[in-house]
There are 2 protein chains.
Amino acid sequence: MTGTLTIAGLGPGDAALVTPEVSAALGEATDVLGYAPYVARVPAREGLRLHCSDNRKELERAGEALRLAADGNSVVIVSSGDPGVFAMAAAVFEALEAAPQWQDIPIRVLPGVTAMLAAAARAGAPLGHDFCAINLSDNLKPWAAIEKRLRLAAEADFAIALYNPRSASRPEGLGRALDILRDAGCGERIVIFAHAVTTAKERIETMRLAEARPEMADMATLVIIGNSATRKVGRWVYAPRRAS
Amino acid sequence: MTGTLTIAGLGPGDAALVTPEVSAALGEATDVLGYAPYVARVPAREGLRLHCSDNRKELERAGEALRLAADGNSVVIVSSGDPGVFAMAAAVFEALEAAPQWQDIPIRVLPGVTAMLAAAARAGAPLGHDFCAINLSDNLKPWAAIEKRLRLAAEADFAIALYNPRSASRPEGLGRALDILRDAGCGERIVIFAHAVTTAKERIETMRLAEARPEMADMATLVIIGNSATRKVGRWVYAPRRAS
């Protein structure tokens with residue numbers, strides 16, 4: 001008997017941001033797989049098997065989930081935020097492409113509140129005009145592609161959300177990204193460092209890009225760079241709807 | 001006595017995608033304001049005043065909400081999707097900037113599942129790599145800015161989510177946008193037309209950009225254009241994590 005595979009987004013951290021759809025899927029699961037800190041956010045219950053793995057093991061995790069589903073289990077893979085944004089959904093379809101024998105397994109992707117939306121909400125409305133999202137990790141793509149996108153994003157006057165800005169194994173990227181944007185004339189733009197949004201450790205800092213330093217970010221930080229018209233009103237940052 | 005103003009996202013349509021945080025805010029509200037079809041999604045209850053307005057009246061609605069909050073009410077403005085993405089949050093901060101007397105009103109922005117995330121989830125994982133979101137409405141910005149962003153987004157090889165692709169008053173924009181992307185060499189890219197996602201009228205169509213026609217979209221459609229590496233596995237569309 002074939003089971004099912006659900007790829008679910010847990011939102012940014014606060015349980016009040018988990019959709020009822022995702023909660024229902026977790027309530028019916030036999031097996032939950034994910035990076036350990038995300039699996040730790042799933043309510044424990046008798047009969048629910050939890051499978052934790054390292055955050056670099058996306059493809060192995062996807063394969064294990066497909067195998068468990070093929071064996072008849074109700075499997076949920078969890079991501080933080082939204083599973084389709086730099087998270088597990090793409091890894092599952094990659095694994096599926098390599099495994100035609102599993103392509104009849106019923107799969108659902110359940111969206112969630114991705115980090116940039118939660119960070120933007122805490123800061124105001126910095127994504128109220130056209131914007132882009134760039135994963136600053138070069139584990140799976142050449143750094144040159146990131147540089148090119150940053151330059152073109154600045155030229156397009158997009159607000160820019162930077163995911164995975166910094167990690168212990170990639171301490172250099174964010175500094176280089178900030179340099180590229182300064183060289184592109186974005187020094188006066190407003191930058192938001194949103195740390196651990198919606199958790200007890202939440203911290204939101206805003207400043208001009210000229211003053212931003214890479215040490216202000218870690219892997220729990222989402223960085224948003226405003227467009228050229230982004231401004232402050234009181235403590236809030238917003239992108240005017242009439243920006244050019 | 002000062003009230004409060006909450007700017008809340010109702011998600012794409014399905015009640016199972018409304019976050020518990022938003023449901024709690026609606027449960028405590030005295031007044032809910034919004035475009036009529038969104039207000040119609042708020043559960044009615046005794047004592048809750050509903051204020052509907054036209055979808056071009058964002059700034060007037062924001063002003064009315066601030067006035068009601070200043071008078072001591074618990075006011076919620078609702079948007080579809082996420083309130084920070086081409087929706088009410090930016091309009092509220094614009095109204096607030098023009099009205100210093102209201103700048104002490106406690107404001108909260110509650111994020112939601114924005115249309116592109118729900119559309120992407122239904123289609124697979126087309127936003128699994130770097131992407132951008134462009135509002136195709138030129139009501140509040142020059143069309144030239146949209147054209148420039150489309151060209152640069154193609155050059156950057158972003159996946160592209162197009163919000164508000166078409167309306168009765170703007171029948172031309174999407175055709176011009178598709179032409180620009182074809183001219184930029186994107187004819188072979190996969191395009192997703194996601195109509196009324198998560199509602200009873202949901203319809204997902206995928207094709208090559210060369211075959212896309214503007215009549216395939218209306219105001220309830222979200223269009224996602226894949227990057228150059230986006231591919232299909234079975235009925236699913238996904239952006240490989242290792243794309244250049």
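1. A residue counts as buried when its relative accessible area is under 20%, as exposed when it is over 50%, and as partly exposed in between, using a 1.4 Å probe and protein chains only. On that scale, 60% of the 244 residues of chain A are buried.

2. A word on the ground rules: this is a predicted model, where local features need pLDDT of at least 70, side-chain atom pairs count only at pLDDT 80 or more, and totals for chains, interfaces and linings use all residues. Residues are numbered from 1 along each chain as its sequence is written, chains are lettered from A and ligands numbered from 1 in the order in which they are written, and side-chain values use heavy atoms, with hydrogens and water left out.

3. Chain A holds seven helices and 13 strands; these are DSSP runs numbered from the N terminus, helices being H or I with at least four residues and strands being E with at least two. Its radius of gyration is 19 Å, close to the 18 Å from the globule rule for 244 residues, so chain A is as compact as a globular protein of that length. The radius is taken over C-alpha atoms, and the rule is 2.2 Å times the number of residues to the power 0.38. Along the principal axes, the C-alpha trace of chain A spans about 60 × 35 × 35 Å.

4. Contact here means heavy atoms within 4.5 Å. Among the contacts in chain A with a separation of 6 or more, 70% are between residues 24 or more positions apart.

5. On to the charges: chain A carries 27 positive and 28 negative side chains, with the centres of the two sets 6 Å apart. Lys and Arg count as positive and Asp and Glu as negative, while His and the chain ends are not counted; each charge is placed at NZ of Lys, CZ of Arg, CG of Asp or CD of Glu.

6. In it, 64 residues of chain B are in contact with 64 residues of chain A. The area buried between the two chains is about 5800 Å², and carbon and sulfur atoms give 62% of it. Leu140(B), Arg149(B) and Arg241(B) supply 14% of the area that chain B buries against chain A, more than any other three residues. Buried area is the accessible area (1.4 Å probe) that two parts lose on being put together, summed over both.

7. Two backbone angles in chain A deserve a look. Most residues other than glycine have a negative phi. Asp157(A), which is not a glycine, has a positive phi of about 60°; it sits in the loop between helix H6 (143–156) and strand E8 (159–163) and is buried at 13% relative accessible area. Thr198(A), also not a glycine, has a positive phi of about 70°. Thr198(A) belongs to the loop between strands E9 (190–195) and E10 (203–208), and is buried at 11% relative accessibility.

8. In chain B, helix H4 (residues 88–97) has nine of its ten residues buried, so it is largely enclosed by the rest of the structure. Among the buried ones are Met88(B), Phe93(B) and Glu94(B).

9. Val18(B), in the loop between strand E1 (4–9) and helix H1 (20–28) of chain B, is buried with a relative accessible area of 13%. Leaving aside residues up to four places away in sequence, Val18(B) touches Pro20(A), Leu10(B) and Ser23(B).
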